[in-house]
Amino acid sequence: MTDLSSIAAFLGEPAPVDDVDAYEELEGKWGLRLPEDFKDLTLAYGDQSIAGYLTIFGPELYRDGHPESMRESLEQSRHIPRLILPSAGGMLHWGHTPYSDQLFLVPRPDGRWTVSVWVLTHAEWIDYELTCVEWLRGALAEEVAAEWLPAWEGNFDLE
C-alpha cells in the first residue's frame, strides 16, 4: 500500500476504500498491471475534482469508459506524442483540468510510470520524472514546476 500521508496533509484523510479490486477488470482487459501508487491514489481521491480545477480519474470514471472514450481523439492530436491505453504500450490518461490540460502516466523501461502533461494554454508537452503521488504532492505544495496550475491559496476542497 502506498503512503498517502503527504497527500492527506492537503486533501484530508481519504474515505475508507472497500473496492480494492476496482482495477482488476480494466487490467485484465488491457493486459497489463497498473502502477500500485496510481491505484492507491485514485481509490482514495479519484473521481473527484481538487478545488474545482484538477480532476483525477478514479474507478468510477474508468468503469464508465470516460478516459478510454477520449483515447481516439487524443491520439489524433498532433500534440500528443504517444499512444494512449488501451493502445499497446500506451500512456494512462489519469486526469485533466477545465482548460483541457491532460495528465498522463507514461510507462518507463525501469518499470516506473511517470507523469507527463499536455498543457493546452502553453501548447506544451511536459515530462516529469515523478510518479503520480510524488507529482501531486509537489503540485499541491507548489514545489513542482507547474505554473500552468492555479495558485491554490490553501483551497484544496474536493468536489
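Let's start with helix α3 (residues 36-45), which lies across β1, β2, β3 (92-96) and β4 (102-107) and runs at about 35° to β3. Contact here means heavy atoms within 4.5 Å, and angles run from 0 to 180 degrees between N-to-C directions, with axes fitted to C-alpha atoms, for helices over the stretch in contact. Helices (H or I, at least four residues) and strands (E, at least two) are DSSP runs, numbered from the N terminus.

A quick word on the model: it is predicted, so to speak of local features takes pLDDT of at least 70 and side-chain atom pairs count only at pLDDT 80 or more, while totals for chains, interfaces and linings use all residues. Residues are numbered from 1 along each chain as its sequence is written, and side-chain values use heavy atoms, with hydrogens and water left out.

After α3 comes Asp47, with a positive phi near 60°.

Now for the sheet. Its six strands form an open, antiparallel arrangement in the order β1-β2-β3-β4-β5-β6, where pairing takes at least two DSSP bridges between two strands. β1 (48-50) and β6 (124-127) each have a single partner strand, so one side of each has no neighbour in the sheet. On average, neighbouring strands are turned by 30° against each other, direction ignored.

Helix α6 (residues 132-140) lies across β1, β2, β3, β4 and β5 (113-119), at about 160° to β2.
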